[in-house]
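The notes follow in the order I took them.

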Amino acid sequence: MDIIWYMFDMIGTIAFAVSGALVGVARKMDIFGMAVLALATAIGGGIVRDVLLGYFPPNSLRNVVYVTVVLAVTVIVFLIYNSRYRKHAMGPRSRASYLLADALGLASFTVTGASAGFKLYPELPIFIVLLGTITAVGGGIIRDMLAQRIPSVLKEDVYALPSIIGGIVYYLMVTSSWDSMAVYGAFTVVLVIRLLAIKYNWSLPKVGKTKPVAK
Amino acid sequence: MDIIWYMFDMIGTIAFAVSGALVGVARKMDIFGMAVLALATAIGGGIVRDVLLGYFPPNSLRNVVYVTVVLAVTVIVFLIYNSRYRKHAMGPRSRASYLLADALGLASFTVTGASAGFKLYPELPIFIVLLGTITAVGGGIIRDMLAQRIPSVLKEDVYALPSIIGGIVYYLMVTSSWDSMAVYGAFTVVLVIRLLAIKYNWSLPKVGKTKPVAK
Amino acid sequence: MDIIWYMFDMIGTIAFAVSGALVGVARKMDIFGMAVLALATAIGGGIVRDVLLGYFPPNSLRNVVYVTVVLAVTVIVFLIYNSRYRKHAMGPRSRASYLLADALGLASFTVTGASAGFKLYPELPIFIVLLGTITAVGGGIIRDMLAQRIPSVLKEDVYALPSIIGGIVYYLMVTSSWDSMAVYGAFTVVLVIRLLAIKYNWSLPKVGKTKPVAK
């Protein structure tokens with residue numbers, strides 16, 4: 001993997017660490033609970049990715065930088081919420097920070113998952129797309145299950161979908177003459193679709209919400 | 001693996017996809033939530049199986065047919081519950097469909113898990129039986145934890161037990177002169193025991209339910 | 001792995017089996033539910049350890065002794081809670097047994113995780129420490145999530161911390177002239193810190209509990 005891959009992996013790690021730490025704040029956890037949630041969210045998805053690739057030990061457990069960065073993020077979030085900026089950071093602003101961090105993590109980890117899949121198994125497009133999605137949603141599922149929340153991937157209407165589309169975009173670009181732009185293209189697609197879905201509250205059809213089909 | 005193995009893997013995938021989608025209906029999820037639950041249930045157990053075998057990438061992520069079939073099942077369940085047959089499909093009938101699909105999945109995945117274990121590690125009978133059980137109950141545990149339900153394997157009295165018995169039957173048959181019938185024998189044993197347990201509401205002793213042992 | 005490693009692995013397995021079975025008792029589960037919780041707790045952490053090491057099939061699934069021991073523990077716990085000693089065993093004594101068993105499991109599995117990491121990847125200190133912690137807390141997380149409880153690792157203030165410190169102690173000792181004592185040193189450190197934390201109810205700072213920093 002190259003420097004750009006590590007850059008996306010680090011953006012995703014930081015973003016998901018923020019989202020995990022913020023769930024800890026919302027649950028009134030102590031700093032250690034916050035750190036556990038931040039770690040589970042930030043390195044959980046990457047561990048699942050590496051296990052499914054058969055790459056052992058997983059990258060985020062080999063390299064001290066991941067845990068260090070996540071703990072630093074936790075301390076920063078903790079300090080902000082214990083400082084005189086606390087009131088400023090709470091409420092809707094906290095919710096917006098959480099959603100943005102989560103969307104950034106989703107976009108970055110779609111890219112690291114899909115491109116790691118392509119590196120090792122370029123002949124398996126379905127695996128590449130699915131690995132991007134599983135990596136992207138994996139950490140958040142672990143976070144939400146630890147915190148006993150309904151996982152975002154089930155609750156929010158357009159959550160895994162942007163990641164799947166991003167994985168497809170990645171594969172189409174990386175196998176075309178646009179291959180050097182594939183990671184940027186996929187990242188942008190996931191982030192934009194997810195943020196638009198949040199902003200406009202996009203939703204999908206539900207059982208019982210639509211009228212029964214008339215005769 | 002041969003054609004018969006794939007047949008059982010496909011029966012289990014379809015059956016667990018139905019059970020996952022029906023939990024989504026019961027939880028009033030949208031079609032995407034239903035698809036996520038159906039996927040997690042249907043391919044979750046197989047992914048756990050392949051990880052424990054050290055087989056990467058897992059079979060259900062290599063082959064586009066699994067995801068396609070699960071999504072088709074989700075759409076069909078969605079359409080039935082949004083059609084004029086909706087009332088017909090709801091209530092006890094829905095519960096019965098769920099239990100039957102879950103039992104079919106349990107029986108099929110016991111067979112795929114145990115036989116995949118036997119193929120790679122014929123010298124480890126305990127692994128063969130446990131892999132059958134873990135494969136069979138794994139997807140359902142993931143489904144129930146995502147949907148925040150108490151897992152069937154903990155709540156229902158005779159759930160993992162039929163799978164364990166089926167794994168033992170498989171091993172005894174496959175190492176005997178009945179080896180070509182082992183998959184059918186194990187499948188039938190799991191399905192029949194599980195369905196009888198549902199019908200007659202079999203249960204096991206509970207702490208505090210039995211009288212204290214007299215002196 | 002040598003005989004001492006297996007000794008710690010067995011202590012941890014028995015201790016976590018007790019803790020899992022006791023959660024089953026508290027939840028009024030039948031003996032099979034108790035066995036499932038005991039198995040998930042006792043062999044779950046070791047399975048996660050072996051998967052992260054890339055060691056397949058996982059040790060506890062290869063060797064019939066693990067499942068046998070866990071089932072024997074379950075039956076013993078079940079019999080105690082159905083005997084005339086039941087009243088004696090309930091209440092605060094039950095809670096104390098649970099906490100002691102959980103602490104013993106935490107200490108033993110920190111040792112088996114860290115030393116297995118050192119055996120295969122001596123050049124990765126961070127992996128060694130993290131693998132000790134993940135092995136130690138993994139089974140308990142699975143237990144608590146199956147039983148729909150908030151995981152101890154999030155709820156209890158000093159839970160993963162003793163394991164992390166134990167992993168660091170292990171690594172420092174095993175790379176020093178005290179290497180033959182490393183497993184005992186790490187085990188003692190985890191157990192003592194965890195028991196002191198329980199006894200004196202140690203806690204870490206929480207968001208909103210401390211006063212905002214004055215201007």
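I started with a helix pair in chain A of this predicted model. The axes of H6(A), residues 92–120, and H7(A) come within 7 Å. I read their crossing angle as roughly 145 degrees. The crossing of H6(A) past H7(A) is right-handed.

Next I listed who makes that contact. H6(A) brings residues including Tyr98(A), Asp102(A), Leu106(A), Phe109(A) and Phe118(A). Gly113(A), Ala114(A) and Gly117(A) are also among the H6(A) residues in the contact. From H7(A) I noted, among them, Phe127(A), Ile128(A), Leu131(A), Gly132(A), Arg143(A) and Asp144(A). I sorted the residues of this contact by class: 10 are nonpolar, six polar and three charged.

Then I turned to the interface between the chains. How many residues of each chain are in contact? I found 33 in chain A and 30 in chain B. I looked up the area next, as interface size is often given as the accessible area lost when the parts come together. About 2600 Å² is buried between chain A and chain B. Carbon and sulfur atoms give 73% of that area.

I checked for salt bridges between chain A and chain B and counted zero. The search for polar contacts across this interface returned two residue pairs, both at pLDDT 80 or more.

Which elements of chain A give two or more residues to the side that touches chain B? They are H2 (31–53), H7 (125–146), H8 (152–155) and H9 (160–174). H7(A) gives the largest share, six residues. By class, this side of chain A has 24 nonpolar, four polar and five charged residues.

Definitions and conventions. Residues numbered from 1 in each chain as written. Chains lettered and ligands numbered in written order. Predicted model: local features only at pLDDT ≥ 70, side-chain atom pairs only at ≥ 80, totals over all residues. Heavy atoms only, no water. Contact = heavy atoms within 4.5 Å. Buried area = accessible area lost by both parts, 1.4 Å probe. Salt bridge = Lys/Arg side-chain N within 4 Å of Asp/Glu carboxyl O. Polar contact = N/O pair within 3.5 Å; in protein donor to acceptor, adjacent residues only side chain to side chain. Helix = DSSP H or I, 4+ residues; strand = E, 2+ residues; numbered from the N terminus. Nonpolar A, V, L, I, M, F, W, Y, C, P; charged D, E, K, R; others polar. Axes fitted to C-alpha atoms, helices over the stretch in contact; angles between N-to-C directions. Left-handed = near helix turned anticlockwise from the far one by under 90°.
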